[in-house]
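Hi everyone, and thanks for making time today. I'd like to walk you through one protein chain, so please have the picture open while I talk.

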Amino acid sequence: MELVGVERVRAARKLLEGVTRVTPMEHARDLRKLHGGPVHLKCENLQRTRGYGADVHLHGEVLEETLAEAIAFGERTGAVFIHPFDHADIIAGQGTVGLEILDQVPGVRTVLVSTGGGGLVGGVASAVKALRPEVRIVGVQAEEAAAYPPSLAAGGPVRLREMHTMADGIAVGRPGPISYAHVAALVDDVVTVTEESLSRAVLLCLERRKLVVEPAGAAGVAALMQHPGAFEPPIVAILSGGNVDPVLLLQIVRHGMTAGGRYLKLRLLVPDRPGSLASVLSRVSELGANVLDVEHSRVSGSLALGEVEISLALETRGPSHCAEVAEALQKAGWTVV
């Protein structure tokens with residue numbers, strides 16, 4: 001199979017002038033500390049993707065069902081079916097991101113790419129490897145939807161039996177033959193990340209970069225957080241999408257805060273006398289923790305006479321702050337359970 005070459009990617013770049021925008025490159029100083037050198041984020045999540053006049057038909061719970069209906073629709077209506085990742089023109093178009101990376105960060109040594117079907121990482125690799133073969137291209141997949149590691153081990157596309165991930169944008173159960181050929185020939189490595197790392201990456205982008213990124217689009221950042229020191233800087237991670245529902249985003253942020261140790265739940269046994277609850281809440285405030293929920297109970301078989309139980313749900317700054325709060329409450333004379 002003939003792979004997409006850099007000249008085809010350059011032709012796609014010319015064709016796309018005035019349609020797509022050259023997205024900015026953000027320097028991530030907090031991630032630099034984890035890898036000992038510059039880390040940049042390619043903000044493809046800021047690429048314009050709606051309002052082109054298309055009619056959208058929703059069908060299927062997983063990608064394979066959607067693709068089957070799209071093919072059937074084309075057969076019924078005469079519409080042209082364009083595969084979302086397993087098509088040479090798509091790979092060439094996505095490869096233009098690789099050209100932009102080389103323009104914006106000429107000294108780049110590692111490029112991390114969110115990977116589902118493999119069109120984006122294959123296209124980026126086609127462009128970058130042709131011009132800078134020493135640059136390492138790494139695909140990043142969600143651990144619970146990673147079809148490439150078993151496929152590469154088997155020497156061809158392998159279908160996953162099941163997938164469970166918040167990163168639905170890269171939840172592809174089986175690579176296509178065209179995208180697989182590009183990944184197998186040009187991509188240096190494919191790593192996986194956990195659901196906890198994905199949610200923490202979304203939270204980091206929102207909190208530190210002021211960028212809304214969907215879990216699939218933040219997979220490269222998740223890899224940087226989960227695998228410190230594993231990639232040679234200067235590093236570029238592509239933020240490949242910002243398509244996330246606000247309600248889902250709220251759930252992901254809460255998941256990320258939990259995974260990052262930003263929530264603390266504990267129970268205190270305190271004397272049953274006026275002012276005890278107020279004293280506890282006052283001390284929590286002094287420690288800089290935010291109270292999310294309080295439950296005050298005198299009815300429990302485990303309580304001694306003259307004792308009450310106070311259950312607290314707190315928002316903290318992280319794991320070390322959690323330990324600091326628990327230790328301070330214990331030293332104040334209350335029993336921390």
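By salt bridge I mean a side-chain nitrogen of Lys or Arg within 4 Å of a carboxyl oxygen of Asp or Glu.

Before going on, a word on the source. This is a predicted model, in which local features need pLDDT of at least 70 and side-chain atom pairs count only at pLDDT 80 or more, while totals for chains, interfaces and linings use all residues. Residues are numbered from 1 along each chain as its sequence is written, and side-chain values use heavy atoms, with hydrogens and water left out.

Back to the charges. How many salt bridges does a search of the whole structure find? The count is 15. One of them joins the side chains of Lys129 and Asp188, at 2.8 Å from N to O. That pair links distant parts of the chain: Lys129 sits in helix α5 (residues 119-131) and Asp188 in the loop between α7 (177-186) and β5, 59 residues apart. Helices here are DSSP runs of H or I with at least four residues, strands are runs of E with at least two, and both are numbered from the N terminus. Lys129 is buried, with 17% relative accessible area, whereas Asp188 is partly exposed at 35%. For those words, buried means under 20% relative accessible area, exposed means over 50%, and partly exposed is in between, using a 1.4 Å probe and protein chains only.

Another salt bridge brings together the side chains of Arg132 and Glu134, at 2.4 Å from N to O. Arg132 is buried at 18%, and Glu134 is partly exposed at 39%. Then there is Glu327 with Lys331, whose closest N and O atoms are 3.1 Å apart. These two are 4 residues apart in helix α12 (residues 319-331), so about one helical turn separates them. Glu327 is partly exposed at 44%, and Lys331 is exposed at 67%.

Now let's step back to the whole chain. It has 12 helices and 10 strands, and its C-alpha trace spans about 80 × 50 × 40 Å along the principal axes. Of its 337 residues, 47% count as buried.

What about the inside? In soluble globular proteins, nonpolar side chains tend to be buried together. I'll call a nonpolar core a set of buried Ala, Val, Leu, Ile, Met, Phe, Trp, Tyr and Cys residues joined through side-chain atoms within 4.5 Å. The largest such core has 41 residues, and Leu31, Leu112, Leu198, Val221, Leu224 and Leu239 touch the most other members. Elements giving two or more residues to this core include β2 (39-43), β4 (136-142), α8 (195-208) and α10 (246-259). A second, separate core of 23 residues includes Val97, Val108, Val121 and Ile137.

For those of you who think about cysteines: the search of the whole structure finds 0 disulfides, a disulfide being a pair of cysteine sulfur atoms within 2.5 Å. The sulfur of Cys205 is 8.4 Å from the closest cysteine sulfur, in Cys43, too far for a bond. Cys43 is buried, with a relative accessible area of 0%, and Cys205 is buried at 0% too.

Next, a sheet. Which strands form it, and in what order? It is an open sheet of 4 strands, β8-β9-β7-β10, with antiparallel pairing. Two strands pair if DSSP finds at least two bridges between them. β8 (290-297) and β10 (335-336) stand at the edges with a single partner strand each, so one side of each has no neighbour in the sheet. Inside it, 9 bridges join β7 (residues 263-271) to β9 (residues 307-315), and Leu268 stands opposite Ile310 in β9.

I'll finish with two backbone details. Most residues other than glycine have a negative phi, and most peptide bonds are trans. The peptide bond from Pro233 to Pro234 is cis, with omega near -5 degrees, and Pro234 lies in the loop between α9 and β6. Lys210 has a positive phi, near 60 degrees. You'll find Lys210 in the loop between α8 and α9, where it is exposed at 65%.
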